[in-house]
Amino acid sequence: LSALAGVRRDGFAINDQEIEIGLRSIAVPLFDSRNRLVAAINVGVAAVQESARELRDLYFDKLIGVQSALKPLLV
């Protein structure tokens, strides 16, 4: 539960080879126009390509931009 609290606080989650060895990803939630959680989007990379720390710096702002753009379209 503490991991979920961190995701809620930070607005993203990092998966560092937890689902598949060799794969890292960063995900952000998608909210509908009523601010209800409806889905998530993520970017995945080969673990040798980026470190877990680099994922946030490289992709978080872009994912938040997509999150914002999709919100009014999700009803």
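Which residue in β2 does Asn15 stand opposite? Asn15 stands opposite Ser25.

1. Basis. This is a predicted model, in which local features need pLDDT of at least 70 and side-chain atom pairs count only at pLDDT 80 or more, while totals for chains, interfaces and linings use all residues. Residues are numbered from 1 along each chain as its sequence is written, and side-chain values use heavy atoms, without hydrogens and water.

2. Sheet. Three strands form an open sheet in the order β1-β2-β3, and the pairing is antiparallel. β1 (13-16) and β3 (37-46) are the edge strands with a single partner strand each, so one side of each has no neighbour in the sheet. From one strand to the next the twist averages 20°. Strands are DSSP runs of E, at least two residues, and helices are runs of H or I, at least four residues, numbered from the N terminus. Two strands pair if DSSP finds at least two bridges between them; β1 and β2 (residues 23-31) have 4 bridges.

3. Helix on the sheet. Helix α2 (residues 52-70) packs on the sheet and touches β1, β2 and β3 (contact means heavy atoms within 4.5 Å). The direction of α2 makes about 25° with that of β2. Axes are lines fitted to C-alpha atoms, for helices over the stretch in contact, and angles run from 0 to 180 degrees between N-to-C directions.

4. Ser51. Ser51 lies in the loop between β3 and α2. With a relative accessible area of 28%, Ser51 is partly exposed, a class between buried (under 20%) and exposed (over 50%), using a 1.4 Å probe and protein chains only.

5. Ala5. Ala5 sits in helix α1 (residues 2-10) and is partly exposed at 40% relative accessibility.
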